[in-house]
Structures are given as structure tokens and as C-alpha cells.
Amino acid sequence: MDICFSDEHEAFRDEVRAFLNDALTDELREAARFCPGIFLDYEHNMLWHRILYAQGWVAPSWPAEYGGTGWDLARRYIWSTEATLAGAPSTAPMGLGMCGPMLIGHGTLRQKDYYLPRILSGEDYWCQGYSEPGSGSDLASLKLKASVDGTDLILNGTKIWTTHAHYANRMFALVRTDDSGKPQQGITFLLLEMDTPGVSVEPIVFASGTHEVNQVFFDDVRVPRANVVGKENDGWSVAKYLLEFERGGGGSAAHQTALKRVRALAATVDAGGLPLAQDEAFKRRLDETEVQLQAVQYTEFRIMAALSKGQNPGPESSIMKEFGASIGQRITELAVEAMGYHINPHQPEARTVGQNIAPVGPEAGVVAFPRYFNLRALSIAGGTNEVQKNIVAKLVLGL
Ligand SMILES: Cc1cc2nc3c(=O)[nH]c(=O)nc-3n(C[C@H](O)[C@H](O)[C@H](O)COP(=O)(O)OP(=O)(O)OC[C@H]3O[C@@H](n4cnc5c(N)ncnc54)[C@H](O)[C@@H]3O)c2cc1C
């Protein structure tokens, strides 16, 4: 496999670096560095989103005809790698990475014309209403009831673990319009506004102290049937299409950056007269993780090769999801270990952007423990590791 980039792509890399150098303010870099989990705070997320929108680069994976960059796969890879290595924040995936591609694939012309520009501009902020209490891995068992009433559907029930529902003005949801057949039948894919009467959002706060997810309740919520994507009772095919994009995210560069930070931290920690980074046992674990990260990177290249032939991400996205989650968690474990007893102080104020509060111990410590807790969710959200392994066993290994 030839993994060299062409001169044209290397020139693009220079363009990306120059843009990042200009656009990334200290505030944005700090927001990314202090991010205690996977999701950046809403304010900085939108700040970065608008800068990218003004540059025309907010939707790297969308076709140009829908307002995306129209970049080929190599450009997208270069962009996401360079942005991460430069310490740029990430953008929220629910609109740009999930709802947008789903609408491009399955939306009506009217839905595309209305929603896609609003996702690009940041006017709409989406959340994903799939999971319910008792329906996560077994998503097809979902129960949120949608009864037909003339031109409307009336929703009653609940969604749970809904990331950023407290910021979102819109939700894409799976609802039950028929329960007479197989569980996968009778599910409908629906778009709704979060300020519709009868919708209420209750926070769920993590052990890390951060508020990212919620439970959303629906009490006689009226939604026009024109907001259905695809056909009524056939939402399962739309949902599955979207999940491939949710899981195909990859992102070895983010892990590389995190691992680099742990190495730098370990170089400053004393381990019995030697820097921890030179302690044989710790160094071996850092190096093993680095090798595994290279394997992730080559899997990313393999997926790129498949995509460049016009295929969808396929079951490889499950390999990436499982592998990426495990490595991400391992890196947070190494960070916690490197911090030693400095991991104990709980200092959320020291990781507030623009503050001048000195951290107790190394600066990395103010996010190491919250990140450790937060990234436990990596192997659950978007489909658990066990479920990804089942998919790989069935579709790749033929077991
Ligand atoms: C931080 C976070 C953010 C999230 N954000 C969203 C969101 O925005 N929108 C949304 O809709 N959902 C969201 N989720 C929900 C997420 O998709 C579910 O938590 C996930 O699908 C697992 O479902 P569950 O929690 O019901 O666990 P369960 O499905 O009950 O699983 C419990 C355990 O059983 C195992 N298990 C289940 N079935 C099998 C099987 N067939 N074979 C082997 N093992 C199995 C699982 O691997 C797991 O270890 C989020 C979750 C988290 C943690």
C-alpha cells in the first residue's frame, strides 16, 4: 500500500497548517486542552464552528453541492489529523457528522433545502434520540409511542443518555409507530423541535462532574408527519445507515495527541530519581500503546481505501470504534498513573478557560481524572465494545 501523499495533498497540508496557525486563538487552544471529556463546552464549540463555517470548512465530509468542502478522502484525513495535532477543538458530531449525512442520503428535497444550511451555519444544534431505558444495545426494542392523529404524530415516552439535549434546539429520533410486527418494523425516523410543548429535559451528571447527557421526556408532543425521514414504519434502515457514520469516526490523531501529552507529563514526574518516562515498566506501556495506535492508523488507511472505491464504512467502522475506545481509555489510565497523588485535588475552576488559578501539581492534572471517568463512556456510547465485537464476529469473521 502506498501511503505517501501526493504533492498536491502536501500543498493542501501547508494550506491547512497556515489556516490553523491564524484561526486558532489561545482561547480556543486552551478550551481544547482543558476539555474534561469528549465534548467541548457549547460556547467554544460554536465559536470554532462559526470560524470554520466562515472559512467554508465546517463540513469536510459533505459533498460541495450541499455546502460541504467536497474534499477527497486524503484531504479530509489531512484536515482532521492536522487540526487535532495543532490542538484545535472538535465540532459536535450530531448535526455535521450524523444528521447531515443522513439527510443527504435519505431526506426529501424540502428537508435537505431547509435543514442542511442551518446545520452548516450553526443555527440548528441537534441531539440524537435513539436510546431509551432498556433499549440501548437492543435498540429495536424501543417503545417511545407515536400515534397518528391526522397530519401529526403524538409522542409519549422517554429518551435517555441524550448528549447535549440541554443545548439542542432539534432532535432526530426513532419512535414506535407500529408494534404489531417484528421489533425492527414499525419504527419511524422523526425530526422534532426541542421547544415543542410537552418536551422536557432532565440532566444526568457524570461521576467526572460534567453535564453532557440527559433524559428527555415526551408528554403528548405533537410533531407534523412531514418531519418523518424516509417512510413511516421504515425508520430502521435510516437509523442503521446513520450508525455507520457515527461509528466510522476513527481519529488516531486525537489519541496520538493525548499520548504525546502523557509522555510529556511522565518526563516531568520523578519516579525514584528517574523521570517516569524512563521507568522501564511505564515506558513499555507507553510504547505498546504507541504500537497499537499505529495499527489503528493503518486500519484508518484501509477504511479510506474502501471509501475511495465508493463503498460505505461497513463493519470496519466497528473495528475502529472498539479499538479506538480501548486505546482512548488506556491513555487516560496512563495519565492518571503518571499524576500519582496529584490526581486527588478536584479543581474544576483551574480548568476554566481564561482563569489564572494555579493547578495543584502539573497542569495536565486538572483534566486527567475527569477525562479518565468521562472516557469510560467511550466503550458504551455509540454501541458498546461487546456489540462491536459481535458485529465483527458475524460480518468479518463469518462466525
Ligand atoms: C456518554 C454517553 C453518551 C450517549 N449519548 C447518546 C445520545 O446522544 N443518543 C442516544 O440515543 N444514546 C446515547 N447514548 C446511549 C448509548 O448508545 C447506549 O448506552 C449504548 O447503546 C448501550 O446501551 P445501554 O446503556 O442500554 O446498555 P445495555 O444495552 O443494557 O448493555 C449493558 C451491557 O450488556 C452488554 N450487552 C448488551 N447486549 C449484548 C449482546 N448482544 N452481546 C454481548 N453483550 C451485550 C453491553 O455490551 C453492556 O456491557 C450515550 C451513552 C453514553 C454512555
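Okay, let's start on one side of helix H3, where Glu-43 and Ala-54 are exposed. Keep in mind that this is a predicted model.

So what about the rest of H3? The helix runs over residues 42-55, which makes 14 residues. From its first C-alpha to its last it reaches 20 Å, and that is close to the 20 Å expected at 1.5 Å a residue.

Now, which residues of H3 are buried? They are Asn-45, Trp-48, His-49 and Leu-52. If you look down the axis of H3, those buried residues fall within an arc of 105°, so they line one face of the helix. And what do they pack against? That would be helix H2, residues 26-33. Glu-43 and Ala-54, the exposed pair I opened with, are on the other side. One more detail here: just after H3 comes Gly-56, which takes a positive phi of about 80°.

How many residues surround the ligand? There are 20, and the closest are Tyr-130, Gly-136, Ser-137, Thr-384 and Glu-386. Two elements give two or more residues to this shell: strand S1, at 126-129, and helix H12, at 385-396. By class, the shell has 8 nonpolar residues, 11 polar ones and 1 charged one.

Terms used: Residues are numbered from 1 along each chain as its sequence is written. This is a predicted model: local features need pLDDT of at least 70, side-chain atom pairs count only at pLDDT 80 or more; totals for chains, interfaces and linings use all residues. A residue is near a molecule or strand if its C-beta atom, placed from the backbone, lies within 6 Å of it. Helices (H or I, at least four residues) and strands (E, at least two) are DSSP runs, numbered from the N terminus. Ala, Val, Leu, Ile, Met, Phe, Trp, Tyr, Cys and Pro count as nonpolar, Asp, Glu, Lys and Arg as charged, and the others, Gly among them, as polar. The expected span of a helix is 1.5 Å times one less than its number of residues. A residue is buried if 20 or more other C-beta atoms lie within 10 Å of its own, exposed if 12 or fewer, and partly exposed in between; C-beta atoms are placed from the backbone. The arc is that of the directions from the helix axis to the C-beta atoms. Two residues are in contact if their C-beta atoms, placed from the backbone, lie within 7 Å.
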